[in-house]
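I opened the notebook to record what I looked up in this model. The entries follow the order of my reading.

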Amino acid sequence: MRVSLPDNEIDRIEALLQYKILDTAPEESFDDLTRLASYICETPIALISLIDTKRQWIKSKVGLDLVETPRDDAFCAHTILQSDVFIVPDALADERFATNPLVTSEPYIRFYAGIPVITPDGHALGALCAIDRVPRELSPKQLEALRTIARRVTQQLELRHNLESLKLAPTNEYKLAEKTRRKFFKKIAGGFGLTSTILVLIATVSYHSIREVINTSKQVAQTQKKITKLEELLSYMKDAETGQRGYIITGKNYYLEPYEVAVENVERQIDELRKLTADNPKHQQQIDILVPLIAAKSSELKQTIELRSTKGFEAALQVVLSDRGKSLMDNIRYTIREMENEEARLLNQRAAIAQTSARNTIVIVSAGIILTFVILALVYYLIYREMTDRKRAEQALKVQQQWLEVTLSSIGDAVITTDTSAVITFMNPVAQALTGWPINEAKERKIDEVFCIINEQTRQPAEIPVERALREGIVLELADNTILIQRDGREIPIDDSVAPIRSKNGVLQGAVLIFRDISKRKLAEAEMYKTLEKEKELNELKSRFVSMASHEFRTPLSTILFSAGLLEDYGHKLAEDKKITHLHRIQAGVQRMTELLDDVLLIGKAEAKKLEFKPALLDLENFCRELVEEIVLGVGIQHKVNFVVRNSLNSSSTGSYTNAHMDEKLLRHILNNLLSNAIKYSPEGSTVDFEINCEDEQAIFYIKDAGIGIPPEDLKRLYESFHRAKNVGTIRGTGLGLAIVKRSVDLHGGQIDVKSEVGVGTTFTVRLPLNNQEKN
């Protein structure tokens with residue numbers, strides 16, 4: 001399916017290319033964001049992709065091996081057409097994607113959620129997306145987190161782009177000035193070179209006679225050298241032919257040694273001969289004739305050798321007997337002899353030319369002197385013009401420096417530049433504000449004096465990335481959890497990138513460090529994690545509640561339905577006492593369900609912070625005795641509750657059992673749940689100790705049983721809603737009792753502690769202030 005193009009496609013592609021990110025290596029800063037998206041959305045796959053003209057290129061990925069896909073197959077190509085999230089809950093049920101190769105084959109996409117990555121200029125370069133292999137939805141919190149991460153991707157792109165922009169080549173004006181300067185030096189060098197040539201010519205003419213002798217000697221030597229080279233060339237060809245014949249006759253490889261040496265040196269001899277005769281067009285033509293003859297002869301030699309090697313002596317002999325090789329060798333000898341004769345003729349010509357040149361000496365010297373004065377005048381003019389051009393170039397350089405300072409100062413991130421020794425050369429206002437160092441004090445200082453960073457977790461000093469970037473010549477990023485220590489000691493979380501600064505010739509000139517304050521982002525991420533964890537916790541609570549409700553409600557409901565059914569169908573046949581028994585069962589079931597609903601509603605109020613705290617004057621000793629009596633009546637003779645009151649007559653002057661101020665309803669929840677649990681999880685016939693003590697303006701309650709105990713791994717989750725210890729077995733319970741106890745104790749401003757040993761028993765200690773005042 002062909003995907004529509006954005007209205008601003010041309011501008012969008014141009015913007016994408018300006019970011020210079022396509023086909024770059026993986027970067028940890030982008031990979032961290034991808035992993036975060038995968039974790040938050042709970043999907044096995046997450047990507048950061050960029051949409052090019054005909055492809056989707058993947059910058060960062062989790063759970064996928066692809067590097068790029070055709071643009072028409074990319075879900076993200078649809079995402080960039082949106083202004084917000086693009087969701088495909090079930091790709092197979094969506095006619096746009098049902099036959100997409102990414103859906104029908106690896107990676108078998110079924111769910112897709114993508115957020116466009118939009119630049120500040122409004123260009124959607126690509127998308128951040130979460131992908132699953134099963135149909136699903138994302139919660140509102142997950143979608144908001146995905147939007148936040150997408151904005152972070154954009155910020156990372158901008159940071160990377162800003163870093164690249166600082167490596168821009170000089171401006172056109174500066175380039176023009178440099179080009180003009182190079183031309184000037186070339187002209188000056190040419191002028192002085194020409195002047196020197198003329199002076200050399202004058203000197204040469206002045207000593208013409210001597211020079212003619214020297215030149216004649218040189219020409220003779222040159223001619224002899226040419227003849228020697230020609231003889232060497234002919235000798236190599238003869239050696240090659242000799243080696244060929246020896247190999248053909250004997251078939252032994254060592255006969256090929258002269259041939260191989262000749263083949264290796266012939267081409268070099270021809271090149272040297274060309275250089276020696278470069279001033280003689282005729283010789284050049286003769287060499288042009290000689291080269292194909294030698295090539296043909298070499299080919300013939302090679303052919304016969306290969307035939308001897310592969311097909312034997314007779315096959316090679318037939319080629320030799322054809323006389324083609326002899327004809328070629330004769331032509332080579334003839335051409336070389338002709339060149340030698342030509343060299344002798346040239347020697348005679350040069351002697352005649354030497355005589356003629358003597359007559360022209362006076363004329364050349366006079367003309368040379370005049371030309372020298374003209375050239376010197378031209379050089380003076382060029383120097384004058386260069387001075388003017390240099391002033392213009394200096395002005396262009398000044399404009400360039402001002403442009404760079406304005407650019408760095410206007411960047412929203414902090415920027416510090418250094419030289420190759422990591423000494424600070426520039427800081428923009430943002431960097432000055434974040435470090436606490438003004439530029440006039442920071443300049444000329446080492447970077448580690450001004451930019452002090454530590455690891456947030458270990459609190460140990462972190463390596464300054466500038467030093468490594470200068471040392472290794474690579475672009476680097478700060479490690480996670482980096483803290484900048486300001487000059488006054490305050491701490492700021494930051495992230496950054498650093499890159500070496502190079503000249504247009506690649507020479508290292510320093511480094512540029514770009515960083516930003518991420519305090520707000522850290523807070524937002526912390527809040528986002530907190531919200532997501534809370535949402536996960538709520539989902540887990542819901543799951544546990546459903547499990548509890550389905551189990552705890554099923555038993556009383558079954559009892560009610562069974563008893564009601566019997567009364568309806570067989571009531572006329574049942575004795576009166578049987579009817580009353582079934583009615584009591586119905587009442588007990590209703591009572592059990594009412595208690596469960598009350599507990600759920602109570603914990604709901606506590607979670608919503610709507611549980612009211614209303615302390616009132618309370619006779620604590622009588623309240624506890626009445627509560628124990630109620631519990632004992634309920635459990636019958638199976639358990640014994642041993643209630644003990646300590647210091648009832650010696651309570652502190654500021655509080656006693658008779659004038660305690662507590663919330664009676666919440667206190668009932670506390671003690672009733674603890675005592676009920678102590679009885680429920682203890683064997684029949686055992687004793688539960690309940691003790692109350694009054695000291696230091698506190699009421700201290702001890703409830704001890706000899707029950708099954710609580711496993712150590714369950715103690716840390718003891719007060720979580722719907723949580724039950726793993727050793728409760730078939731003992732009924734909702735997992736709400738201790739959660740209600742904890743919240744009721746907290747509302748009193750009290751404290752609860754527990755000591756337990758599996759198979760031995762459990763002791764709860766609750767401390768509550770005696771004189772609570774109502775909390776508004």
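In which hand does α9 pass α10, left-handed or right-handed? I looked up the crossing and found that α9 passes α10 in a right-handed one. I note that the model is a predicted one.

Next I looked up how these helices lie. Helix α9 covers residues 281-310 and helix α10 covers residues 313-321; they pack at an angle of about 160°, and their axes are 7 Å apart. An angle over 145 degrees counts as roughly antiparallel, so α9 is roughly antiparallel to α10. On the α9 side I listed E300, Q303, T304, L307 and R308 as making the contact, and on the α10 side F313, A315, A316, V319 and V320. I sorted the residues of this contact into 6 nonpolar, 2 polar and 2 charged.

Then I turned to the sheet. I found an open sheet of 6 strands, paired antiparallel, in the order β3-β2-β1-β6-β5-β4. Its edge strands are β3 (68-70) and β4 (86-88), each of which pairs on one side only. From one strand to the next, the twist averages 25°. I followed β4 to β5 (residues 111-118): the two pair in the antiparallel sense over 3 bridges. For F86, I found the bridge partner G114 in β5. Helix α2 (residues 28-41) packs on the sheet and touches β1 (45-51), β2 (55-62) and β6 (124-132). The direction of α2 makes about 75° with that of β2.

Last, I checked the confidence. The chain averages a pLDDT of 81, and 82% of the residues score at least 70. Over residues 168-174 the pLDDT stays under 50, and the model has 8 contacts beyond four places in sequence for them.

Technical notes. Residues numbered from 1 in each chain as written. Predicted model: local features only at pLDDT ≥ 70, side-chain atom pairs only at ≥ 80, totals over all residues. Heavy atoms only, no water. Pairing = 2+ DSSP bridges. Helix = DSSP H or I, 4+ residues; strand = E, 2+ residues; numbered from the N terminus. Axes fitted to C-alpha atoms, helices over the stretch in contact; angles between N-to-C directions. Contact = heavy atoms within 4.5 Å. pLDDT = per-residue confidence, 0-100. Parallel < 35°, antiparallel > 145°, perpendicular 65-115°, else oblique. Left-handed = near helix turned anticlockwise from the far one by under 90°. Nonpolar A, V, L, I, M, F, W, Y, C, P; charged D, E, K, R; others polar.
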